[in-house]
Amino acid sequence: MNFSAVDHALMARALRLADRGLFTTQPNPRVGCVIAHGERIVGEGWHRRAGEPHAEVHALQAAGDHARGGTAYVTLEPCGLHGRTPPCADALIGAGVARVVVASEDAFQNEGRAIERLRAAGIVVETGLMRDAARELNRGFFARVERGRPWLRLKLAMSLDGRTALANGESKWITGEAARADVQRWRARSSALLTGIGTVLADDPRLTVRGLQYAGPPPLRAVLDRDLRTPPGAHVLDGSAPTLIFHAPAARPAPADFGRVECVAVETGAGGLDLSRVLAELGRRGVNELQVEAGPVLSGSLFAAGLVDECLLYVAPVLLGDTARPLLALPPLSEMASRWHLRSVERRQVGDDLRLLLRPPNQATE
């Protein structure tokens, strides 16, 4: 399909609007909408948070009567289902727009068949303009809707010689202040933060967003604790954010210790909890982007199981020596041909540290 330079410019504007909901829309997708007559924009909007009007509604309200006969540029297929808000497809039809350009289709809307309804109303609908960019912005939403589990981002920090902590476990701080602040933004865009019992016992993390002003809900905290060894005074049990403790069916949580969190039994697999079942449960609960901040054992298990969608890796210009702890606990390799490959999606300097965004070669959402 041939799109004009004006089409590209206005869809790019819609994507920038959608990005304003980066921290606030979950579990809904981030969506932007621009309504225009030629190059003249008459209305625009973005989805701000779940339960509130969608991007199309804000844009139509801004456009008023000027929406009639115009083109609506929407980063995601308009909703055709009755949820907490009425279908946006009906709003576009009622406003009399003549054309709708959609960046990416939405498998979740199949039952609503929004595009078919728009076309049946005489509206020209064109899809696929800047689809890759639209899917990249909502990679967590698409992962959950299309495969039933969140987009899993593994956050890691290491020295130049690939170490994450000293032999005695001390790890604060490998990276600098700027990198640690940067991590908070990645936490804020995540639906959930996950760690393992080993990290809870060693570091007592809070798994909250700190030092960042944003209007989104706090990420869900998730802990893999097969035998319920989390100490009663651990920060993850403090009730300051919604928390799930995943444990084996045989373990029985004591109400006095786990009364302010939800405990979820999960079947065990080789060496621990069934990780695929954990991710499926998080997907069922509306988790789009899952950020894992854990030690080398859990991180390595997720990576070896093919469950990692991207690695957020901070590399600090320091050396810790060969007795320090490794980045990942992975099975030994007998030949170089078996090595794990990652491709670089983004490289950025953050303070004195280098931030790499890496993905397996078969992960092609951007």
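I'll go through the cavities, then the hairpin.

Please keep in mind that this is a predicted model. Rolling a probe the size of a water molecule over the atoms shows where empty space is left. In the whole structure, the search turns up two cavities of 30 Å³ or more.

Start with the largest cavity, which holds about 40 Å³ of space. What lines the largest cavity? The residues are Leu152, Leu194, Leu224, Leu275, Val278, Leu279, Leu290 and Leu302. By class, that makes eight nonpolar residues, with no polar and no charged ones. Helix H10, residues 275-284, gives the most to this lining, with three residues.

Now the second largest cavity, at about 30 Å³. Its lining includes Asn28 and Arg30, then Leu137, Asn138, Arg139, Gly140 and Phe141, and also Asn288 and Glu289. The largest share comes from helix H6, residues 139-147, which supplies three residues.

Last, the strands. S17 covers residues 343-350 and S18 covers residues 353-359; the two run antiparallel and are joined by seven bridges. Which residue stands opposite Arg348? That is Arg355, in S18. S17 and S18 form a hairpin, with two residues between them. In the turn, Gly351 has a positive phi of about 65°.

Terms used:
Residues are numbered from 1 along each chain as its sequence is written. This is a predicted model: local features need pLDDT of at least 70, side-chain atom pairs count only at pLDDT 80 or more; totals for chains, interfaces and linings use all residues. Side-chain values use heavy atoms; hydrogens and water are left out. On a 1 Å grid over the protein atoms alone, a cavity is a set of points where a 1.4 Å probe fits but cannot get out, and a pocket is an open set with protein on both sides within 12 Å along at least five of seven lines; lining residues have an atom within 4 Å of a point. Grid points are joined across faces, edges and corners, and a volume is the space filled by probe spheres set on the points. Helices (H or I, at least four residues) and strands (E, at least two) are DSSP runs, numbered from the N terminus. Ala, Val, Leu, Ile, Met, Phe, Trp, Tyr, Cys and Pro count as nonpolar, Asp, Glu, Lys and Arg as charged, and the others, Gly among them, as polar. Two strands pair if DSSP finds at least two bridges between them.
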